Amino acid sequence: MTFINEENKNIKELVINWHITEVCNYDCKYCFAKWGRPKELHRSLEEIEKLLDNLASYFIKGHSPLKSGLGYDTVRLNLAGGEPMMLGSTFFIVLMLAKQKGFKTSIITNGHYLINSRLDFPKNVLDMVGISFDSQDLSTRKAIGRIDRKGNSLSADDLKIALGGLIGTQKGIKTKINTVVNGLNYEEDFSSLIGELKPYKWKVLQVMPYGDDELLISDDKFNQFVERHSGLGLPIFAESNSTMTESYLMIDPLGRFYQNSKNASGYQYSDSINQCGVESALAQIAFNPKTFLSRYRPIDIDVIES
Ligand code: SF4
């Protein structure tokens with residue numbers, strides 16, 4: 001678990017969030033996983049392995065000021081997208097390599113390929129999964145865009161099967177369900193579903209002000225959703241727009257670090273990590289461990305894509 005040690009502000013686990021692809025089988029109206037379809041790094045296994053080696057050398061094996069400054073014990077590589085499972089066998093290879101190189105692993109997925117893949121999920125390569133699930137109602141999921149071109153959309157029953165499958169193959173896995181609360185689902189009652197699934201965490205996030213205005217909701221409506229599901233013994237963790245901050249390192253599909261630029265207009269990118277190395281790439285985005293630490297909060301996977 002990622003948390004703040006209140007005594008010295010050290011963190012237990014550093015999370016590196018790799019948006020490995022922007023390709024996705026769904027088309028959510030609130031999706032902001034857009035990088036203009038660049039030549040994504042995962043197309044070369046050699047580049048993948050080089051990136052993981054670079055990250056492991058710096059963050060796991062190395063003795064950087066960053067490591068002593070943050071004081072973490074473990075490093076978790078979180079694969080997000082797009083839909084990371086669209087990479088098929090490459091996705092599994094990344095997880096296996098990451099484990100071999102000493103990372104904890106997690107993914108954010110829309111769950112489709114957890115139940116619709118011809119490939120078996122390798123055993124014990126995943127420490128945590130976040131599955132995005134916004135509605136038990138097909139017409140609502142369709143209106144949000146959580147549906148593929150053939151009309152497939154992860155239902156509540158599919159979600160149960162997907163989670164059950166991972167619990168059976170990934171020893172000790174922590175399961176999370178992420179729900180983006182928006183104009184189309186804020187009145188929905190998830191209490192019996194979440195009560196039955198008993199995830200480690202149910203993260204509810206207020207939709208971000210991207211894209212479709214129809215989906216935006218007021219803080220009041222978001223709070224109503226949270227209150228309606230509170231006090232029921234559910235593992236609910238709520239994040240409103242005002243509380244969302246970045247608390248992890250982010251890598252884009254090209255293998256560059258990125259972060260919000262200081263003047264809040266878009267992102268600031270480093271050069272390719274494989275070309276210039278981790279230290280110099282971090283310096284290029286003006287990465288500051290102290291600022292990072294001050295933003296670090298007791299939460300873990302914090303992305304809403306997938
Ligand atoms: S939010 Fe996630 S599932 Fe939806 S289109 Fe974006 S990447 Fe795909």
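Of the 306 residues in the chain, 54% are buried, where buried denotes under 20% relative accessible area, exposed over 50%, and partly exposed the range in between (1.4 Å probe, protein chains only). The model is predicted, with local features needing pLDDT of at least 70 and side-chain atom pairs counting only at pLDDT 80 or more, while totals for chains, interfaces and linings use all residues. Residues are numbered from 1 along each chain as its sequence is written, and side-chain values use heavy atoms, with hydrogens and water left out.

**Overall organisation**

- The chain comprises 11 helices and 10 strands, these being DSSP runs numbered from the N terminus (helices: H or I, at least four residues; strands: E, at least two).
- Among contacts with a separation of 6 or more, 73% involve residues 24 or more positions apart; a contact requires heavy atoms within 4.5 Å.

**Helix H8**

- Helix H8 spans residues 219-228, and Phe 222, Phe 225 and Val 226 are buried in it.
- Viewed down the axis of H8, the buried residues fall within an arc of 95 degrees, so they line one face of the helix; the arc is that of the directions from the helix axis to the C-beta atoms.
- Asp 220 and Glu 227, on the other side of H8, are exposed.
- The cover over the buried residues of H8 includes strands S5 (174-181), S6 (201-206) and S7 (236-239).

**Val 207**

- Val 207 lies in the loop between S6 and H8 and is buried, its relative accessible area being 2%.
- Leaving aside residues up to four places away in sequence, Val 207 touches Tyr 30, Val 180, Val 181, Asn 182, Leu 215, Leu 216, Ile 217 and Asn 241.
- Thr 179 is 28 residues from Val 207 in sequence, and their C-alpha atoms are 9.3 Å apart in space.

**Packing of H1 and H3**

- Helix H1 (residues 45-61) packs with helix H3 (residues 89-100) at an angle of about 30 degrees, the axes being 10 Å apart; axes are lines fitted to C-alpha atoms, for helices over the stretch in contact, and angles run from 0 to 180 degrees between N-to-C directions.
- H1 is therefore roughly parallel to H3, a term for angles under 35 degrees.
- The crossing of H1 and H3 is right-handed, that is, the near helix is turned clockwise from the far one by less than a right angle.
- Leu 45, Ile 48, Glu 49 and Leu 52 of H1 meet Thr 90, Ile 93, Val 94, Leu 97 and Ala 98 of H3.
- By class, this contact of H1 with H3 has 7 nonpolar, 1 polar and 1 charged residues; Ala, Val, Leu, Ile, Met, Phe, Trp, Tyr, Cys and Pro count as nonpolar, Asp, Glu, Lys and Arg as charged, and the others, Gly among them, as polar.

Terms used: Parallel < 35°, antiparallel > 145°, perpendicular 65-115°, else oblique.
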